[in-house]
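Welcome! Have a look at the sequence and the structure below, and then let us walk through them together.

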Amino acid sequence: MLCRRRSPSDNPEDLSPHRWGADLTYKEEELQLLSGSLISSVTTTTADKRPDRGSMEVRARAPGKIILAGEHAVVHGSAAVAAAIDLYTTFSIHLLPAGDDGGAGTVELDLRDSGLTFSWPCSHLREALGEVSGKAGPPTPCSPDELATMAKLLQGQEIPEAKIWLSTGLSAFLFLYTSILGYRPGKAVVTSDLPIGAGLGSSAAFCVSMSGALLTAAGAVGIGVGSAAGEWELFGKDDLELVNLWAFQGEKIIHGKPSGIDNSVSTFGSMIKFKKGELTNLKSRNPVKMLITDTRVGRNTKALVAGVSERASRHPDAMASVFHAVNSISEELSSIVELTAEDEVAITSKEDKLAELMEMNQGLLQCMGVSHSSIETVLRTTLKYSLVSKLTGAGGGGCVLTLIPTRILFYIP
Ligand SMILES: Nc1ncnc2c1ncn2[C@@H]1O[C@H](COP(=O)(O)OP(=O)(O)OP(=O)(O)O)[C@@H](O)[C@H]1O
Ligand SMILES: C[C@@](O)(CCO)CC(=O)[O-]
Ligand SMILES: [Mg+2]
């Protein structure tokens, strides 16, 4: 399910949202149907801790997400609605006893899905970053100087040009690892069900699972030692709050200016309304079925978010109206989602309203300049079946949501 990066302008430093794959043409057959997701009952971040040959291994997993309404506008203070989906990123950390190899040891990272491994001698990290003790409490943000040091630490690593977009994730790893665990040697392994950079919150799931595992390994959050293989334990509410704060710092390194919605929904799961950092849990009693289509057009959230901010500074009044309209859509959508509909007529009317709001939101995302010809192809294709779609996440390619009303008689697994 990995996203195939196809755009010749797939450069994380390119801040123009239009240049992401703009000159390619897309055929319906090239779209990948990812999954139909029931979005009301998904578990939150969970972890598993077990002794392993004299040392400790901790695994944490965190879900991806879809945004039903409000992406981009949420960065500018509007409300947005998001739901966790049942595709996960898992981060495992195996702490090695210090000095096991007679020296200070190494910090290793194995990105299984990309087939890449990285390694830093602990002595080298200490030299570059100075004394850090590892921290159990709330995070201190990564300073510009520290960020520059992380970038330098990547220079010695062999990152293939075609996967250079992983650099920000690697910087986030180095920052979270050294801030939480100091220079303890360890081996981390990351696997994910999520396509990377496709709007399903891969960066947030990466940061949340990483924060969960590292904080557990540091003893800063408490889960017990797992009894049976394959058992996941839920974190307590206060622990989730701490995991979320650290994950947000990681997201800042990857995204530049995240609203916090992606890490929050990945941490706490379920369906949420999010506005200016405030999270409200939404109780959806009738399931909402969405089809997720991956256009397989690579894009980068940091560049798209920066592009919208630039447009907002060029046209402040017009864009303020757009953000205001999106806020109203998200508010209305969140109250409709919570309505309990008993009979068929009520369910149909609820779904019709949801569809209309999604359609309006898509129009406003086009106004923000974050749609893409591949997204428009999905919109046209689903419209042939009278189904409504909208982009989800940062847009510019990536994934598209299609609302599947209960009147549709086929089942999408
Ligand atoms: N499993 C992973 N392994 C390593 N790095 C990852 C992984 N998942 C995400 N990342 C990091 O996150 C970046 C992708 O994040 P980005 O925010 O651009 O997309 P997304 O989170 O999938 O989509 P959106 O933010 O729109 O929901 C990658 O370039 C990489 O740096
Ligand atoms: C585009 C955006 O609104 C959602 C990305 O999933 C960015 C953010 O809120 O951080
Ligand atoms: Mg992201």
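## A left-handed helix pair

Helix α8 passes helix α9 in a left-handed crossing. This is a predicted model, so please read every value here as computed from that prediction. Helix α8 covers residues 316–338 and helix α9 covers residues 344–368. Their axes lie 10 Å apart, and the angle at which they pack is about 160°. Angles over 145 degrees count as roughly antiparallel, and α8 and α9 are therefore roughly antiparallel to each other.

Which residues of α8 and α9 meet? From α8 come Val322, Ala325, Val326, Ile329, Glu332, Leu333 and Ile336. From α9 come Lys350, Lys353, Leu354, Leu357, Met360, Asn361, Leu364, Cys367 and Met368. Sorted by class, this contact of α8 with α9 has twelve nonpolar residues, one polar residue and three charged ones.

Next, turn to helix α2, residues 144–155, which packs with α3 at an angle of about 115°. The axes of α2 and α3 are 9 Å apart. Angles from 65 to 115 degrees count as roughly perpendicular, and α2 and α3 are therefore roughly perpendicular to each other. Here the crossing is right-handed, as α2 passes α3. On the α2 side the contact is made by Glu146, Leu147, Met150, Ala151, Leu153 and Leu154, and on the α3 side by Ser167, Leu170, Ser171, Leu174 and Phe175. Eight nonpolar, two polar and one charged residues make up this contact of α2 with α3.

The pair α4 and α6 has axes 8 Å apart and packs at an angle of about 55°. These two helices are therefore oblique to each other. In this pair, α4 passes α6 in a right-handed crossing. Ala204, Ala205, Cys207 and Val208 of α4 make the contact with Asp262, Asn263, Ser266 and Thr267 of α6. By class, four nonpolar, three polar and one charged residues take part in the contact of α4 with α6.

## Two domains in one chain

Now step back to the chain as a whole. The domain assignment gives domain 1, residues 40–278, and domain 2, residues 283–404. How far apart do the C-alpha centres of domain 1 and domain 2 lie? They are 28 Å apart. The contact of the two takes 29 residues from domain 1 and 38 residues from domain 2.

On the side of domain 1 that touches domain 2, the elements giving two or more residues are β3 (55–69), β4 (80–95), α5 and β9 (271–275). Strand β3 provides the largest share of that side, four residues. The residues on that side of domain 1 divide into 15 nonpolar, eleven polar and three charged.

## Around ligand 1

There are 26 residues around ligand 1, and those that come nearest are Gly169, Ser202, Ser203, Thr301 and Gly393. Elements that each supply at least two residues of this shell are α3 (167–181), β7 (186–192), α4 (202–217) and α5 (237–255). Which element gives the most to the shell around ligand 1? That is α4, with four residues.

By class, the shell around ligand 1 holds eleven nonpolar, 13 polar and two charged residues. Domain 1 and domain 2 each give at least three residues to the shell around ligand 1.

## Around ligand 2

Ligand 2 has 15 residues around it. Coming nearest among these are Glu71, Pro258, Ser259, Gly393 and Ala394. Helices α6 (261–268) and α7 (301–314) each supply at least two residues of the shell around ligand 2.

Key:
Residues numbered from 1 in each chain as written. Chains lettered and ligands numbered in written order. Predicted model: local features only at pLDDT ≥ 70, side-chain atom pairs only at ≥ 80, totals over all residues. Axes fitted to C-alpha atoms, helices over the stretch in contact; angles between N-to-C directions. Parallel < 35°, antiparallel > 145°, perpendicular 65-115°, else oblique. Left-handed = near helix turned anticlockwise from the far one by under 90°. Contact = placed C-beta atoms within 7 Å. Nonpolar A, V, L, I, M, F, W, Y, C, P; charged D, E, K, R; others polar. Near = placed C-beta within 6 Å. Domains from an automatic or database assignment.
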